[in-house]
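Here is a note for a colleague who is opening this structure for the first time. Please read the points below with the model on screen.

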Amino acid sequence: MIYTHRTLLPDEQVTGISAVRNLEGECTSIAIAQGSTLYITDPFSTDRKIRESYPFLSPIEVVESIKAENPTVFVLLRNYNWFIFELPNLKYSGSFSKEGVVLPTRCIVRHGMFFADQPQNVLSSSTATIDFNEKRIVHASHPNFIAVHIHHDVIHIIPTNKKRNPYIIKFLQQNVISMTFIGPTMCSARLAFLTDYDFHQRLLHIYKYSDMNDTFEQEYLEYVPSDSHYLLALHPELQSSLVVITSDGIVRIDSPEGLPLTKEFLSSFMPPIVIHACHFFDDIYLLCDSCGGLSGINLPVSGSIATESMKIIGPSSGIVAFDSNHIFIASPFGDSITYTFIKHENCIKLEEFDRIKSPGPIFSLDYTKEEGIICGTGRGDSSSVRIFERSISCDKIGEIIVTNCLSIFSSKFQEMNLSEIDQKSSVLLCLCFYESTKFVKFDGNEVIEVDWPSLIQNEATLLFYENSNSIIQVTNNVISKIDKKSGELIKEYKFTDYVVVASYSPSYIVVANDQFLIQVIETETLRIVKKWKINKTVLLIAATDDNIAVYLNDNTVFLFYMNDNENVKQITLPRFSIPVSFSIINEDLLILGTNNGNIITITNSMQQISIKNYGNGKILLHTNYGISNIYQNNEKNTELNNVNSVNVLCSGDPPFVIGFKEYEIDSHFLCSEQCDDICQSSQYMFCLHTNKISIHSFSDIPSYKGTTKIRQKVPGMLDLAISNSGLYCHVEKLEDSQHCSDIVKYPSYNNSNTMKYHCISYNVSFFKLLNFDEKEIIVIGDDQPSITILDDKLCRISWQKMLGMPYTSCIFHNFLVIARDGNLDFFIIKDLDGQYEMERKTIIEANIMTLDFLIVDNTYLVASDVQQALIVYKFENDTVIKVSQDYSPKKLTKLAFFNNTIFAASVSSNVYAYNIDKCGNIFEIGVFQCCSQVLSFVSTQECLFYGTEGGGIGVFSATDENRFMELQRIIQDSEKVKILADRVPIRQFVWNSPDIFVDIDNLKVILNLPPRDRDRILSKANINSECFEKMRLYE
């Protein structure tokens, strides 16, 4: 049996950011690492314009800018490949060895001191923030060097201005906590890093580059307090000062070259644990702490210091300041936000300037037939319940090479000599350029240029569409009505003034000219039936048979009524909207596409505006009347398009289609790459790219990939469970400065009639929905330590004091099994008139910490352990016995059972697969490395889904098709394929046994190869074209 893996939703977690600066220190762009893609964005654009994007097949671990004449960015991937880009070109690249090495473990706060350095009653997002940042690779940037700590006892320093092997600094101490280059960087290279020494102190190392010996040599070694956790260089271009941040102040160190080091202790109010910092302006620095706070600190090279709390911004994964007015704070658990800094006389204000949306970690997955995959995502205020929706599937069947094309339109092609079948599949495609137009025919097999005399080709086309038996072409000067079959001109209307925009409805053509005149022209007769004069320039126009809508140059939208000249409505759009396209469905639903991936909807009789983001690309809207087959491959959408059979096709990144359900927007992404324009016929979809037009057909098989949509926001949610009676959520919050938890039940989505159980002043260790005796019960563990059981109405029906912290629970042979420190407790539950009595039946020895249970065939209880992998128990003769155990230290967390195979997630990003035989013996049969730590599983009969810490969703499917495995082997051995996703983790021992996992994302690499190389690889794998199509690598 083989398990294929596909990525349904890539990781969208922002793992790193860096400000790209020139030699003068001005920020020219922002480098953002989001999942496995590097984005270079314009920092001052309100639409977060993406200048370049660099997709990789492995997650980005480090992104760091290098101050240079040309914008330069360093990228380190999880597979230890590194790249230096002199944007937009690749300058240098290399790779670190990952065989036979020990990876570093980073501990920002010393064990046993966390609560001493943290405020009391903090939320769990604080520890999650520290845990996330401890997993990041410690690094530092210099104009000529990049330092990274990827091996436990070695720091690698990569020169950025010449190609040579990295310099190496070896040391004996463990745990590199923080690292920075200190000044003066203009004339020297000096690396400072912080390590552990003993329980009472830490060590500050300073190494200096020696030109004479061409190596880094130790310059200083200084003891600092044990609560030191962050290094910050002060004005490193010119100064040699360094600040060591502690929990109660700073240690300011001045280390001029060739002179003795001086050290100064300064006490001050400090944020709890500083995670990130950046220079703002003058002597002001910004600090992000583990509790989600943003603080400003005045850090002069000499003199007193001062700190001030500014705002609660939530968990952070990085902070950069563009200038003295703008800062960008990245979040690992939700949206990343750009703020505008406004300083008033008596206060400081931070106002949101822009936002990068991200679902955050997917900590819970569930599945229902009605909703599909339901996700619990995010942390803190960003947590929500989301629904995963698959994209509409379409297959790429060809492309047209074209340059400088601005827009495209399509129409049915019905030449007289074509058969009925050919007429259905033939499409006339209109390619619009700056001052010309070209026409081509696509019949499903080839593209042929069309040169009808009636088609205007020496002018730019504003509008091109089909209407009953004719084709309508609108240019700046004329309307042409052309017979579909003969190609002859039926009728023509010449404008008296230059037309700037045009649109259409089923019965009318609507245009606006440069004299501010709006004209409505009847399609059948080409006769003007309506006029409006408006003293402003019309930029966009849209129409139905009842209404005309225009967007004007003063950022307002006007709505006119065909049957009522006096009735005119208007509304002003938000600033910086930048609309580029317009569509109207009816008077209560107007849609504008923008240049920055937003859709603006105007509803409620022109009184309400809402904005929703659909990616990063420009959105051009194409309204289709009566074409609804685009939804046929998605059974959930049968009730869409009830409003005049209208759907709106939208370009973007990725493109998507909007349908309408009771006048509400329902959108679905299309399986295609980013496009600048898009159009559709009854059978094909055409996407305009920079230098080509891709042609797609709609597939009957649903797509694998998709996106998530918010179903319900639940701030502070840590876990959720779904049953037939409703949705249960575990929510944490601070109430009167006290940490507390609530168990909340929503009888249905968006239902305000919620039930709540309030857990006062203690920490919930786990929350579990179980079925016992055909009843729903909620089992809650806490740090009292104790167990509380609630019924389906959230009434407490039992409480039991525990001998240790409980971690998880399950029902096994009518026992309630509770895992605690080193043991499993088996309880008999007795129902006493609605109240449950828990009687401890037996105690079984376990390992250190059992985090999840799995019942196999109602016979075996499989437990995952944070230290020693899996343990299998069996209930036999009224006793519980241990059957087998995997003693390897895999640090397993979540478990799932699919296709008679146990899948186990680890605290790393690995998923292990085990077979279990009839006797309960377990055997490891494979391992797969995901993009980030797997936090949740849910299985159906067909496949196993998982959610990751980075916000991604993947799926494993079982197959007996061995050609997948053979194709993977040949691709891995091929010299033509240079880059593959790293799906095989580092292991101390590698057994000589075939792997059971095939990554479809890696197989897709051959789609980008030249046809000759691709055919050669397929031939070696004995895969013909028909079999290759059935493998559906395009999805």
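1. How to read the model. This is a predicted model, in which local features need pLDDT of at least 70 and side-chain atom pairs count only at pLDDT 80 or more, whereas totals for chains, interfaces and linings use all residues. Residues are numbered from 1 along each chain as its sequence is written, and side-chain values use heavy atoms, with hydrogens and water left out.

2. Confidence. The mean pLDDT (the predictor's confidence in each residue, from 0 to 100) is 85 for the protein, and 90% of the residues reach 70 or more. Residues 418–423, however, have a pLDDT below 50, and beyond near neighbours in sequence this stretch has six contacts in the model, a contact being heavy atoms within 4.5 Å. Residues 631–644 also stay under 50, and for them the model has 41 contacts beyond four places in sequence. Where pLDDT is low, the predicted coordinates should not be read in detail.

3. Helix H4. Helices (H or I, at least four residues) and strands (E, at least two) are DSSP runs, numbered from the N terminus. In helix H4, which spans residues 963–973, the buried residues are Phe964, Leu967, Gln968, Ile970 and Ile971; here buried means under 20% relative accessible area, exposed means over 50%, and partly exposed lies in between (1.4 Å probe, protein chains only). Seen down the axis of H4, these buried residues fall within an arc of 170 degrees, so they line one face of the helix, where the arc is that of the directions from the helix axis to the C-beta atoms. What covers the buried residues of H4 includes strand S1, strand S84, strand S85 (997–999), helix H5 (1000–1003) and helix H6.

4. Helix H6. In this helix, residues 1011–1020, the residues Asp1013, Arg1014, Ile1017 and Leu1018 are buried. They cover an arc of only 135 degrees around the axis, which puts them on the same side of H6. On the other side of H6, Pro1011, Arg1012, Ser1019 and Lys1020 are exposed. Asparagine 1022, which follows H6, has a positive phi, near 60 degrees.

5. Cavities. On a 1 Å grid over the protein atoms alone, a cavity is a set of points where a 1.4 Å probe fits but cannot get out, and lining residues have an atom within 4 Å of a point; grid points are joined across faces, edges and corners, and a volume is the space filled by probe spheres set on the points. Of the 13 residues that line the second largest cavity, Thr7, Leu9, Asp11, Cys931 and Tyr946 are the closest to its centre.

6. Where that lining comes from. Strands S1 (2–9), S83 (943–948) and S84 (953–959) each supply at least two residues of the lining of the second largest cavity, and the largest share, three residues, comes from S1. By class, this lining has six nonpolar, five polar and two charged residues; Ala, Val, Leu, Ile, Met, Phe, Trp, Tyr, Cys and Pro count as nonpolar, Asp, Glu, Lys and Arg as charged, and the others, Gly among them, as polar.

7. Cis peptide bonds. Leucine 87 and proline 88 are joined by a cis peptide bond, with omega of about 5 degrees, and proline 88 has its place in the loop between strand S8 (81–86) and strand S9 (89–95). The peptide bond from glycine 183 to proline 184 is also cis, with omega near -5 degrees, and proline 184 is in the loop between strand S14 (178–182) and strand S15 (190–198).

8. Positive phi values in loops. Asparagine 404 is not a glycine, yet has a positive phi of about 65 degrees; this asparagine lies in the loop between strand S33 (394–401) and strand S34 (407–412), and at 63% relative accessibility asparagine 404 counts as exposed. Leucine 794, likewise a residue other than glycine, has a positive phi near 65 degrees. Leucine 794 is found in the loop between strand S68 (786–790) and strand S69 (796–801), and is buried, with a relative accessible area of 5%.

9. Serine 610. This residue is found in strand S53, residues 608–613, and is partly exposed, with a relative accessible area of 35%. Not counting residues up to four places away in sequence, serine 610 touches Ile599, Ile600 and Thr601.

Methods
On a 1 Å grid over the protein atoms alone, a cavity is a set of points where a 1.4 Å probe fits but cannot get out, and a pocket is an open set with protein on both sides within 12 Å along at least five of seven lines; lining residues have an atom within 4 Å of a point.
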